[in-house]
Amino acid sequence: MALEDAKSEIDHAFTRKDLKGNSFELTFAGATSFLRRKYTKDLTGVDIAVTGVPFDQAVTNRTGTRLGPRAIREASALQAPDAPYGWPFDVMKEFAIADYGDLAFDYADVPSFPGLLTDHIRNILSHDVPTVVLGGDHYITFPILKAYAEKYGPLSLLQFDAHTDTWPDDNMDRVDHGTMFYKAVKSGLIDPATSVQVGIRTTNEDTLGVNIIDAREVHEIGAAATVAKIKNILGDRQVYLTFDIDALDPAFAPGTGTPVWGGLTSAQAAIMLRDLAGINILGGDIVEVSPPFDTTGATAIAGAHVATELLSLIGWNLRERA
């Protein structure tokens with residue numbers, strides 16, 4: 001959409017006619033769909049769908065991530081409306097990206113939530129459209145993985161996080177954002193031997209066989225060497241990428257429920273996400289952005305950048321297959 005079009009058209013989330021292309025609109029006005037993509041439930045011709053899951057009833061500390069999807073969308077309006085920096089292509093120009101809106105659920109009926117989310121993602125995947133999900137607390141990845149594994153079989157998990165989230169919990173009906181990857185391993189949704197957790201800096205004696213690259217190792221060997229190690233583990237296996245914003249140090253992302261010092265810098269995260277181009281990524285999410293704990297909006301801005309990188313990682317693979 002050309003700059004002159006912005007003079008006569010507003011709210012590109014509703015008025016844009018093409019799912020491809022950049023959007024030049026006032027950063028402080030208009031409907032805040034993600035990256036000004038069109039809001040639509042029609043997946044005809046869509047290459048990638050962005051959807052929000054405003055759920056935070058699984059947290060063990062501070063609530064607030066239910067406001068994450070809205071804040072991430074708003075922060076995405078601050079990004080330059082052209083090719084994401086560092087990529088040799090513009091994912092917004094080359095691919096039809098739609099904002100599918102948020103999952104609708106009864107916040108007071110927590111037991112029904114996991115199934116609703118799995119159905120939500122299952123429906124999108126039934127159109128062969130990959131998802132980028134805006135959370136929400138980290139529990140949401142578990143129901144999402146169920147839908148992905150149902151379609152593609154067991155996956156390799158690439159997780160950026162301060163916590164492993166593999167603490168024991170054999171009650172599959174419990175909704176907890178610290179145990180869902182224990183359940184994912186035990187359920188056979190992910191293969192621990194080919195999965196990687198990056199940025200870890202909390203103690204969990206039993207990692208269930210998942211490969212750990214903790215925050216200190218990232219700081220010591222650097223972002224590029226970390227990516228080389230990740231790619232060596234993942235190989236060409238099918239990958240789901242989940243990015244907990246608390247993977248970043250609280251200096252860069254204070255707006256999260258369980259901040260831990262000594263984390264990744266935003267620069268390290270940016271380098272790693274871009275250098276991961278070529279992994280066989282099927283989908284991804286950004287979770288645990290909690291706007292009430294960051295009056296600056298920096299955490300949501302970081303979350304929006306992560307989501308954009310996920311779009312580009314998926315777009316890279318779509319280009320390779322074309």
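This briefing walks through a helix pair, the nonpolar cores and a few backbone spots worth a look. Keep in mind that the model is predicted. The largest nonpolar core has 52 residues, and another core, of 31 residues, lies apart from it. On the backbone side, there is a cis peptide bond from G135 to G136, plus positive phi values at D128 and D165.

**Helix 5 against helix 6**

- Helix 5 covers residues 113–125 and helix 6 covers residues 141–152; their axes come within 8 Å and cross at roughly 40°.
- That angle makes helix 5 oblique to helix 6.
- As for handedness, helix 5 passes helix 6 in a right-handed crossing.
- On the helix 5 side, the contact is made by P114, L117, T118, I121, R122 and L125.
- Helix 6 answers with P143, I144, K146, A147, Y148, E150 and K151.
- Sorted by class, this contact has eight nonpolar, one polar and four charged residues.

**The nonpolar cores**

- In the 52-residue core, the residues with the most contacts inside it are L158, F160, L241, F243 and L276.
- Helix 11 (residues 298–321) supplies the largest share of that core, with nine residues.
- Leaving aside residues up to four places away in sequence, F243 touches F160, L248, A269, L273, D285, I286, V287 and V306.
- The separate core of 31 residues includes I144, Y148, Y182 and V287.
- I144 and Y148 also turn up in the contact of helix 6 with helix 5, while V287 is also one of the residues that F243 touches.

**G52 in strand 2**

- G52 sits in strand 2, which spans residues 48–53.
- With 0% relative accessibility, G52 counts as buried.
- Not counting residues up to four places away in sequence, G52 touches P69, R73, G101, D102, L103 and L134.
- T40 is twelve residues from G52 along the chain, and their C-alpha atoms are separated by 13 Å.

**Backbone spots in the loops**

- The peptide bond from G135 to G136 is cis, with omega near 15°.
- G136 belongs to the loop between strand 4 (131–135) and helix 6.
- D128, a residue other than glycine, has a positive phi, near 60°.
- You'll find D128 in the loop between helix 5 and strand 4, and its relative accessible area of 56% makes D128 exposed.
- D165 also has a positive phi near 60°, again in a residue other than glycine.
- D165 lies in the loop between strand 5 (156–160) and helix 7 (180–186), and at 4% relative accessibility D165 counts as buried.

Conventions. Residues numbered from 1 in each chain as written. Predicted model: local features only at pLDDT ≥ 70, side-chain atom pairs only at ≥ 80, totals over all residues. Heavy atoms only, no water. Axes fitted to C-alpha atoms, helices over the stretch in contact; angles between N-to-C directions. Helix = DSSP H or I, 4+ residues; strand = E, 2+ residues; numbered from the N terminus. Parallel < 35°, antiparallel > 145°, perpendicular 65-115°, else oblique. Left-handed = near helix turned anticlockwise from the far one by under 90°. Contact = heavy atoms within 4.5 Å. Nonpolar A, V, L, I, M, F, W, Y, C, P; charged D, E, K, R; others polar. Buried < 20%, exposed > 50% of the residue type's maximum accessible area, 1.4 Å probe, protein only. Core = buried A, V, L, I, M, F, W, Y, C linked by side-chain atoms within 4.5 Å.
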